[in-house]
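Here's a quick briefing to read alongside the coordinates. Have the model open and follow along topic by topic.

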Amino acid sequence: MQKTSVLLTSLVLGTLVSGCGESGGAGNQQPDSSESPIAIAIHGGAGTITRENMSAEREAQFTAALEQATEAGYEILEAGGDSMDAVIAAIQVMEDNSLFNAGIGAVYTYDGTHELDSSVMEGATMNAGAASGVKTVKSPIHLAREIMDNSRHVMLSADGAAQFAEEQGLELVDNSYFNSEHRYEQLQRALEQLRESEQTGDQIANNKNWDPAFNMGTVGAVALDRDGNLAAGTSTGGMTAKQYGRIGDSPIIGAGTWADNQSCAVSATGHGEYFIRHHVAADICSRVKYKGDDIFAAGDAVIHEVLVDAGGTGGVIILDAEGQIHMPFNTEGMYRASQSSHQPLRIGIYNDEE
Ligand code: ASP
């Protein structure tokens, strides 16, 4: 990690950095009044990410990918572009990279296929779009946006979503386009664990004996543009060996994704069932909107108290309309990066970094 700007973060540092208003230690100081702030934060999944199980090569690959994705979004914001365009650009970089559990590199279902989920939300209008159980749309995040912009509905699923994608002229691919060797190996290990659990009566459903790597690598982004508009998006392959058309939190507006200019924008990653039950993304922003919490208090309460008490693992990226960023998570690591008018590019992986 040679970069001077990289690998700050961690829970503590996230708070410190955020506590500085992302403004280089100037408290919650308002940005230069001549220019409204712009900001982007991204994640590439949370889970058991430790130095012990990470090679230097893999760490460098993640760092490069996170940097590339952040830059793709930030360039758009710098040029005066729209926060939703920035979110889509950042997420598409990660969908196209097999390191992440989204697009290429998505996890496998129990039946050995891929079913992808995605969602977007705009803070100015509170318009939203989501796709679930999609098998043949190359960029699920693009589809979520098309659903928001060009359909009468918020969420489309499975074959209907694919039909809509085709009608909109989106690129379709064979399901095998999303294949990757490392995810296939994960499926084999997951199936083995499931078989063992059937014999012992152990409850995989209750998260026992379930390797967290099996659902790690969901991607998401939140952005603030010069017009003061927030946007959020999330894209994932879900959980390895998922069955029966299982849908996680990522395409659920309010659970995995939320944006409201009056509070904040959030994208989540973690054990989706818990994020759905506790409507994590919307809960954080509701605390900001109705309780008057800042994003640091709201994010910490939901991730470190509500979710921990429930037994849910994962994290979120949060951005407010002043360009303040907070990225709390209750796992060993979360792939994450951010950049704003108040701070240069920062990249983090582990929970102990400064
Ligand atoms: N939240 C995703 C899901 O449950 C997985 C993850 O973010 O790791 O589908």
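In this predicted model, four strands make an open antiparallel sheet, ordered E7-E8-E9-E10. Strands E7 (257–259) and E10 (325–326) sit at the edges with a single partner strand each, so one side of each has no neighbour in the sheet.

**The sheet and its helices**
- E9 (residues 314–320) and E10 run antiparallel and are joined by two bridges.
- Across from His 326 in E10 you'll find Ile 318.
- Helix H8 (residues 280–291) lies across E7, E8 (264–270) and E9, and it runs at about 150 degrees to E8.
- Helix H9 (residues 295–310) lies across E8, E9 and E10, at about 165 degrees to E9.

**A look at Val 302**
- Val 302 belongs to helix H9, and with 0% relative accessibility it counts as buried.
- Setting aside residues up to four places away in sequence, Val 302 touches Val 280, Asp 283, Ile 284, Arg 287 and Leu 307.
- His 279 is 23 residues from Val 302 in sequence, with 9.7 Å between their C-alpha atoms.

**The nonpolar cores**
- The largest nonpolar core has 39 residues, and Ile 40, Ile 42, Leu 66 and Phe 100 are the ones touching the most other members.
- At least two residues of this core come from each of these elements: strand E1 (39–47), helices H2 (56–78), H3 (83–95) and H4 (140–150), and strands E5 (219–224), E11 (333–340) and E12 (343–350).

**The annotated binding site**
- An unreviewed UniProt entry lists Arg 246, Ile 247, Gly 248, Asp 249, Thr 269, Gly 270, His 271 and Gly 272 under "binding site".
- Of these residues, Arg 246, Gly 248, Asp 249, Thr 269, Gly 270 and Gly 272 are in the lining of the largest cavity.
- Gly 248 sits in the loop between strand E6 (230–236) and E7, and at 2% relative accessibility it counts as buried.
- Beyond neighbours within four places in sequence, Gly 248 is in contact with Asp 117 and Ile 276.
- Gly 270 is part of strand E8; its relative accessibility is 18%, so it counts as buried too, the cut-off being under 20%.

Technical notes
Residues are numbered from 1 along each chain as its sequence is written. This is a predicted model: local features need pLDDT of at least 70, side-chain atom pairs count only at pLDDT 80 or more; totals for chains, interfaces and linings use all residues. Side-chain values use heavy atoms; hydrogens and water are left out. A nonpolar core is a set of buried Ala, Val, Leu, Ile, Met, Phe, Trp, Tyr and Cys residues joined through side-chain atoms within 4.5 Å. Buried means under 20% relative accessible area, exposed over 50%, partly exposed in between (1.4 Å probe, protein chains only). Two strands pair if DSSP finds at least two bridges between them. Contact means heavy atoms within 4.5 Å. Axes are lines fitted to C-alpha atoms, for helices over the stretch in contact, and angles run from 0 to 180 degrees between N-to-C directions. UniProt positions are given in the numbering used here, feature names are shortened, and annotations may be inferred rather than shown by experiment. On a 1 Å grid over the protein atoms alone, a cavity is a set of points where a 1.4 Å probe fits but cannot get out, and a pocket is an open set with protein on both sides within 12 Å along at least five of seven lines; lining residues have an atom within 4 Å of a point.
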